[in-house]
Amino acid sequence: MTTLAIVSALLDEQKGLFDQLQQPTKRMRAGRTFWCGQWAGHDVVLVLSKVGKVAAASTTATLIEAFGAERVLFTGVAGGIGDGVKVGDVVVADAFIQHDMDSGPLFPRYEIPLYGRATLDCDAALSAILFEAVNTGLAGVGDHFHRTNLLEAPSVHRGLIASGDQFVCDPNDVACMRADLHTAGHLPLAVEMEGAAVAQVCFDYGVPFAAVRTISDRAEAQAHMDFSAFVQQVASPYALAIVSQFMKILPKQ
């Protein structure tokens, strides 16, 4: 049976997912705790990557090499930087780019050295399943939930996500990042700190990868609630609804 890895950077982003594992067993490796179990008839490994591209890459390589992960799903939060992407919305990634990759003059800006590309695509089939799971899963999150958390019903987006080892929160930094990426022909919807690294490792190994991010803030503006509260009260319930639906419709291979 195909093993699915479910990865998040922070504990609160993954809260509730662990409770869905049947007969979980704990394994320690590379300074991380990996929980192996069953979920809806699938073999699953649940792990926190920790924050940043290096930590995410190390975790992903360990999942593939030591735990035999054959599909990888990342769930967490991100800052919205695309037009029309608001707090509480959800973005399913089609591809990733590193906004802090600059090896000029040896390589064009944003191009990954020796890869001949700046962006890495997510797996089309797995992402299509994830997109369906997001729409179906969030439909089950009622109006009362959104009124309680002062949110509109979320819109679901698909597109490019930018990653970098920087917590982006300054309006000037966001404006410069957007302008530079747009000039190079890249139009990211969201920015975070891990996805592009996971995408690169999965690309190297030929492992299908999909990712979903709930928008916690507009990166350049203050969120409607503090970050920790948003993750606990909004992003975590969203993740549980989405991943639960994803597990129901994911084919067993």
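Strand S10 (residues 209-217) is mostly covered, with nine of its nine residues buried, where buried means under 20% relative accessible area, exposed over 50%, and partly exposed in between (1.4 Å probe, protein chains only). The model is predicted, so that local features need pLDDT of at least 70 and side-chain atom pairs count only at pLDDT 80 or more, while totals for chains, interfaces and linings use all residues. Residues are numbered from 1 along each chain as its sequence is written, and side-chain values use heavy atoms, with hydrogens and water left out.

The protein has six helices and 10 strands; helices (H or I, at least four residues) and strands (E, at least two) are DSSP runs, numbered from the N terminus. Two strands pair if DSSP finds at least two bridges between them.

| Partner of S10 | Sense | Bridges | Bridge partners |
|---|---|---|---|
| S5 (residues 69-80) | parallel | eight | Phe-74 and Ala-211 |
| S6 (residues 90-98) | antiparallel | three | Val-91 and Arg-213 |

In a regular strand the side chains alternate between the two faces of the sheet.

Two packed helices are described by the angle between their axes and the distance between the axes. The axes of helix H1 (residues 53-67) and helix H5 (residues 195-205) come within 8 Å and cross at roughly 35 degrees. Axes are lines fitted to C-alpha atoms, for helices over the stretch in contact, and angles run from 0 to 180 degrees between N-to-C directions. The crossing of H1 and H5 is right-handed, that is, the near helix is turned clockwise from the far one by less than a right angle. On the H1 side, the residues in contact (heavy atoms within 4.5 Å) include Ala-57 and Ile-64, and on the H5 side they include Val-198 and Tyr-205. By class, this contact has nine nonpolar, one polar and two charged residues.

Thr-2 lies in the segment before strand S1 (3-8). Is Thr-2 buried or exposed? Thr-2 counts as buried because its relative accessibility is 7%. Leaving aside residues up to four places away in sequence, Thr-2 touches Asp-43, Glu-70, Arg-71 and Gln-253.

For the protein as a whole, 53% of the 253 residues count as buried. The C-alpha atoms fill a box of roughly 50 × 45 × 30 Å, taken along the principal axes. Among contacts between residues at least 6 apart in sequence, 79% join residues at least 24 apart.

Methods: Ala, Val, Leu, Ile, Met, Phe, Trp, Tyr, Cys and Pro count as nonpolar, Asp, Glu, Lys and Arg as charged, and the others, Gly among them, as polar.
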